[in-house]
Amino acid sequence: MENNRRKFLKRLGMAGAASAIAPTAFGAAHPGKVESMKRLAQKPADRELKIALIGAGIMGTQDMNTALQHENVEVVAVCDLYDGRLESAKEKWGQHLFLTKDHKEILKRDDIDAVLIGTPDHWHKQISVDALNAGKHVYCEKPMVHSVEEGKAVIDAWKNSGKVFMVGSQGISSLGNEKAKELLASGAIGDINYAEGFWARHSPEGAWQYHVPADASTQTVDWERYISNTTDREFDPLRFFRWRNYLDYGTGMSGDLFVHLFTSLHFITNSLGPNKVSAMGGLRYWEDGREVPDVLLGMFQYPDSKEHPGFNLSLRCNFVDGTSGSTYLKIVGSKGSMDVKWDEVVVKTNQQASSDDPFLEAQAQMSGRAADRKRILPPNEMVYKVEPGYKGAHYDHFGNFFAAIRENGTVTEDPVFAFRAAAPALLCNDSYFQDEFIAWDPVEMKLV
């Protein structure tokens, strides 16, 4: 696997990920030390970008608030299907905003450079394609699509458009992910053989029991437009405001949360994805009419590839977690492991250091002390933490997006990468509901 690692290091250097972090990742040679991770200064924003938001719910609002923290970025328009969100947009971002319930009205405007898509998942594909065809740059929330069948249309539209398309699994732009990628390439934990991730919550909001406004009705919500690309139903405020609970609009725990873990893992390992998917789970607590489980377990097999040796992945999500919730990604190798968070990486090794001085080694053997004399061993744990004042992965993700637009550059999470992260998450749902293993071709990005 040494040849694989050399290739990996070369790719890492070409990608420029290492240049974004200081100090160097090869701090594993100095165990026991806590090192800080920091983001190097970005270039000045020398061109104003005008943006619009399509879907002004919880995540769309967070995206816009983060985007506006960057210099020379102005919001000019907002689209949403609920009157209350449109009114709130003016209160938050200005009375000058153009407001509409038709996303195509946004795309007709010549004064918009890019759109942020924060709609429910079942609208991601169509609005993304429409926006690219209209000549707009696109930032789309994860997962990129609602089903694997939709992936090709978005990728083709992006390739034909010449525009920047970024998907919003923000952890990929974190210092923690970048440091973990660098450490793995350096051989800090040896060759990967296993990984696991866990996402836990225990609150109504965390379990998607979002607030339903008192004025929710067909007078304030454009219900017909909302369901126009899926099953025809009578108005149901829960299906609109708590859409993640329903298969027509959301993608369950896997599409909401597993996709973050896939994104981080694939970025760190340079992987194209698994070739076998399976899932189990159940509805254990939140029996509120939802159609998706609140406990989900996924198992994934990653084949041998030029990017990495074969390994297994276990993912878990629990909305009934009595510990009040935790999130992590652990990568295990032949020499140790990494616990990866967006703002911290902890490396634990199982290697005990021996003397690298041949004279001392020979002397110890001659005296008969080599077998029983104890040595001074370094600590087997190395901690990397972000420096105070770090603005976070979400901020950096938008920084990457805006820089790519201004400089005609690339982004870390383009549609090809994003689909390879979304596909196993979506197939995890399919495995759960179909009660069967699913085979996937991660290279050609298609079902087998």
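What follows is a set of questions about confidence, sheets and helix packing, each with a reply.

Me: What kind of model is this, and which pLDDT do local features need?

Reply: This is a predicted model, in which local features need a pLDDT of at least 70 and side-chain atom pairs count only at pLDDT 80 or more, while totals for chains, interfaces and linings use all residues. Residues are numbered from 1 along each chain as its sequence is written, and side-chain values use heavy atoms, with hydrogens and water left out.

Me: How do you know what confidence the predictor has along the chain, and where does pLDDT stay under 50?

Reply: The value to look at is pLDDT, the predictor's confidence in each residue, from 0 to 100. The chain averages 90 on that scale, and 87% of the residues score at least 70. Over residues 1–31, however, pLDDT stays under 50, although the model has 69 contacts (heavy atoms within 4.5 Å) beyond four places in sequence for them. Where pLDDT is low, the predicted coordinates should not be read in detail.

Me: Why are S5 and S8 said to stand at the edges of their sheet?

Reply: Six strands form an open sheet with parallel pairing, in the order S5-S4-S3-S6-S7-S8. Strand S5 (98–100) and strand S8 (165–168) each have a single partner strand, so one side of each is left without a neighbour in the sheet. The twist from one strand to the next averages 20°.

Me: Why are H10 and H13 called oblique to each other?

Reply: The axes of helix H10 (residues 252–269) and helix H13 (residues 415–434) come within 8 Å and cross at roughly 140°, where axes are lines fitted to C-alpha atoms, for helices over the stretch in contact, and angles run from 0 to 180 degrees between N-to-C directions. Angles under 35 degrees count as roughly parallel, over 145 as roughly antiparallel, 65 to 115 as roughly perpendicular and the rest as oblique; H10 and H13 are therefore oblique. The residues of their contact divide into 10 nonpolar, six polar and one charged. In that count Ala, Val, Leu, Ile, Met, Phe, Trp, Tyr, Cys and Pro are nonpolar, Asp, Glu, Lys and Arg are charged, and the others, Gly among them, are polar.

Me: What makes H7 oblique to H10?

Reply: The axes of helix H7 (residues 175–186) and H10 come within 8 Å and cross at roughly 40°, which makes H7 oblique to H10. Their contact involves Asn177, Glu178, Ala180, Lys181 and Leu184 of H7 with Ser264, Phe267, Ile268 and Thr269 of H10.

Notes:
Helix = DSSP H or I, 4+ residues; strand = E, 2+ residues; numbered from the N terminus. Pairing = 2+ DSSP bridges.
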